[in-house]
Amino acid sequence: MLRIEMLYPEAANLYGDRFNAWYLQKSCPGSTVISTSFSDVPAFAKGEADIVCMGGAPEIYQEKAIAALMPYRSALQECIDKGTIFLFTGNAVEAAAEYIENEDGSRIGSLGLTKLYAKRDRMNRYNSIFLGSFDGGESGQIEIAGFRSQSSMMYGDNSSFYAFASEKGCGINRESTLAGVRLGNFFGTYLLGPLLPMNPEFTRYILRLAGENEAAPAFEKEAAAAFEARLMEFRDPHFATENLR
Amino acid sequence: MFRFYIALLMGKIARIAIKILGRSGGTNYPGQLALKICPQLLAYVGRPEKIIAITGTNGKTTTSNLLADIFEKNGYTITTNRFGSNIDTGIATSLLTGVTLANKPKNKLAVLEVDERSSLKIYNYIKPDFLVCTNLLRDSLFRNPHPYFIFDIIEKALPSKTVLVLNADDLITARLGSLKGNRRVYYSVARFPEDRDEPFNLTNDMALCPLCGAPLKFSYVKYNHIGRAYCPSCSFGSPAADYTLKAVLDNEIEVAENESEDRYHMVYGTIHFLYDEIAAIAAARSFGLSADQIKRALADASVVSTRLEEVSEGEVKIITYMTKSQIATACSGVFDIVRGFPGKKEVVLILDELHGNVSENMSYIYDTDYEFLNHESISRIVIVGARCKDNYLRLLLAGVPAERLAMSETGEDAAELLELAPGSTLFILPDLTQPAEAEKIRQAVLGRLRSGKEA
Ligand SMILES: [Zn+2]
């Protein structure tokens, strides 16, 4: 049984991100989902969360989420050091950056878990499919397929702590092939919301990391069939990488 | 200015040429060409005395058409883009068409539908006297990350002298003009018996007070964040409305304005069309038409809903309802209607298909209320299309029992997978790009019903 924390779901809920927490809950019956709002002390800071999810948000709420987490920055680092699982999707990955730069050059300080920085370019959205993989140790190479639709990119060197190596779709920025941030069991990725239901093998990997060896991704067979169909489409050279409908 | 006159001339020639040749693109290409020759074209083109612009996520086309009708029936000849595109090239085409070769406006009034994202390109040059904003909701991810993004674009582009006609029941839209101090006119739809006390969709983009951050409380909710809300911790809340659609009475609506009440012919009874009609009434009244002038103009007005088609065969009713795939709020709205429709129902979903070499971002199905389809009155859902497996998983996660679900990737056996019990209704829900597929399935269902093979 897992204690799954959703950070600021009242605002950080773009693109169906909350389904990551709900899917984990369905995959591991008896688990609880803790919804932490802006005025609450995060469960992870009290040692009461096994998995912490945060989703993409409109920029004003992304900034509010970072500000709300700032007092718990060292608690968050301690959780990472002791192996708590974090899944930050969409622009929530930028919480790991040092700062976020606006189009006019002004900067918003972020949690600084890495030396990366983010730059916004809201009038030029990047839309793409993403196909990549990472070394899951005993679980073998794990493939990741998902979608990106974003108004910012990250810059800097993530070669020693990227989350996924890309096969299709760029990494943390257009010039990069290394996507996201991985710090221990902290996964940060621009991949959008329903990452876990769309990637049952990644879900299984997360469940294993959390010590739930008996748990299986919910609706495993159906999720796998949808995943396989997506892999086929993404590997088909006929399909464009960028410019989704 | 020399460039401008060349552009004007070329635009007009292009329009005539397209007409003579019987080609398409006549509502867009002339403006596109003219803008290429003279990028400042919109600053120079002869301006009608008054301009009303209409923008917003949903309902801008219906509201624009209603407004254009109201003015035309009151004797105005208007410059409009009702048959053309709503981005800068379409607006340019309409305005070029609306002036003589000497750049003299032919009409005193323009009614222009404006794409929200094009605001900056348009309002910098064409400063509307009135701007109607119908609502700001989550839209296709491809262009619009979230409603606040669109709000910022419109707010930035907004000329301070423009009078805003705003939906008071959308707290995102309602805040337009607060920085520049624009004059604002508000319209609202009162609480109806079917309205809910709390937000009931997966997404509510007005959960928090924008002033103090406290969770907002709703007095009633129509859908998503559309309804009336207030902050329990500060003075923020839905603004008082100048025009309130108070009630629906048979085929009329009752509208309260200050102390008086007026009745207007109702053009269509669903909530989205009611908002469009009250928006058009509020805009026309703000412009200066009398309530009687509007009443007369609306007396025989109707909107042809090309999105909805109903036929019956034997004891089975078939309703085809075009559903905008990729737009979660639109799909959720249709799913809510299906759930609330009386009697036993079956559903065919044709939302996601292959489109050439372009993939679709399937994230939207996790923002869409598939949970509404988990209802005991819906006995079967057949999912059609290349991405049916995604929808199948989503419906399972919504709690729909597997025995109520079936997939038909090609759609060929979709009709065979339905029960078609006497007295039931079949909803076919195709994306706007899938009318042919929907019709094929409908014909197969009709064929099955006619041959008496129904269960
Ligand atoms: Zn407040």
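Me: Where in chain B is B:V114 placed?

Reply: B:V114 sits in the loop between β3 and α6 of chain B. The model is a predicted one.

Me: Why is B:V114 called buried?

Reply: Buried means under 20% relative accessible area. B:V114 has a relative accessibility of 1%, so it counts as buried.

Me: Which residues does B:V114 touch, leaving aside those up to four places away in sequence?

Reply: Contact requires heavy atoms within 4.5 Å. By that rule B:V114 touches B:A53, B:I54, B:T55, B:K60, B:N86, B:I91, B:I122 and B:Y123. One of these, B:I91, is among the buried residues of α5(B).

Me: What makes helix α5 of chain B largely enclosed by the rest of the structure?

Reply: Of the 10 residues in α5 (residues 88-97), 9 are buried, so the helix is largely enclosed. The buried residues are B:D88, B:T89, B:G90, B:I91, B:A92, B:T93, B:S94, B:L95 and B:L96. Their cover includes α1 (2-21), α2 (29-37), α3 (41-44), β2 (78-80), β3 (109-113) and α6 (119-123) of chain B.

Me: How do you know that B:C209, B:C212, B:C231 and B:C234 are donors of the zinc ion?

Reply: A donor for this metal is an N, O or S atom within 2.8 Å. The SG atoms of B:C209, B:C212, B:C231 and B:C234 lie 2.2 to 2.3 Å from the zinc ion. These four are therefore its protein donors.

Me: Why is the arrangement around the zinc ion called tetrahedral?

Reply: Four donors count as tetrahedral if all angles lie between 85 and 135 degrees. The 4 donor atoms subtend angles of 99 to 121°, so the arrangement is tetrahedral.

Me: What makes the pair A:R120 and A:E63 a salt bridge?

Reply: The rule asks for a side-chain nitrogen of Lys or Arg within 4 Å of a carboxyl oxygen of Asp or Glu. For A:R120 and A:E63 the N to O distance is 2.7 Å, so the pair meets the rule. The two residues link distant parts of the chain, 57 residues apart: A:R120 is in strand β7 (residues 117-120) of chain A and A:E63 in helix α2 (residues 59-69) of chain A.

Me: Are A:R120 and A:E63 buried or partly exposed?

Reply: A:R120 has a relative accessibility of 6% and so counts as buried. A:E63, with a relative accessible area of 27%, is partly exposed.

Me: Why are B:E437 and B:K440 said to be separated by about one helical turn?

Reply: They are 3 residues apart in helix α12 (residues 435-450) of chain B, which means a separation of about one helical turn. An α-helix has 3.6 residues a turn, so residues three or four places apart point the same way. B:E437 and B:K440 form a salt bridge, with the closest N and O atoms 3.7 Å apart. B:E437 is buried at 14%, whereas B:K440 is exposed at 55%.

Me: What is the area buried between chain B and chain A, and how many residues does the contact take from each chain?

Reply: The buried area is about 3800 Å², with carbon and sulfur atoms giving 61% of it. The contact takes 42 residues from chain B and 45 residues from chain A. In chain B, the residues losing the most area to chain A are B:F142, B:Y366 and B:L397, together 17% of what that side buries.

Me: How do you know that B:D390 and A:R230 form a salt bridge?

Reply: Their closest N and O atoms are 2.5 Å apart, and the limit is 4 Å, so the pair qualifies. The count between chain B and chain A is 2 salt bridges. Helix α11(B) provides the largest share of the side of chain B that touches chain A, 7 residues.

Terms used:
Residues are numbered from 1 along each chain as its sequence is written. Chains are lettered from A and ligands numbered from 1 in the order in which they are written. This is a predicted model: local features need pLDDT of at least 70, side-chain atom pairs count only at pLDDT 80 or more; totals for chains, interfaces and linings use all residues. Side-chain values use heavy atoms; hydrogens and water are left out. Donors are N, O and S atoms within 2.8 Å of the metal (3.2 Å for Na, K and Ca); water is not among the atoms, so sites may look incomplete. Four donors count as tetrahedral if all angles lie between 85 and 135 degrees; four count as square planar and six as octahedral if opposite donors are over 155 degrees apart and all others between 65 and 115; anything else is irregular. Buried area is the accessible area (1.4 Å probe) that two parts lose on being put together, summed over both. Helices (H or I, at least four residues) and strands (E, at least two) are DSSP runs, numbered from the N terminus. Buried means under 20% relative accessible area, exposed over 50%, partly exposed in between (1.4 Å probe, protein chains only).
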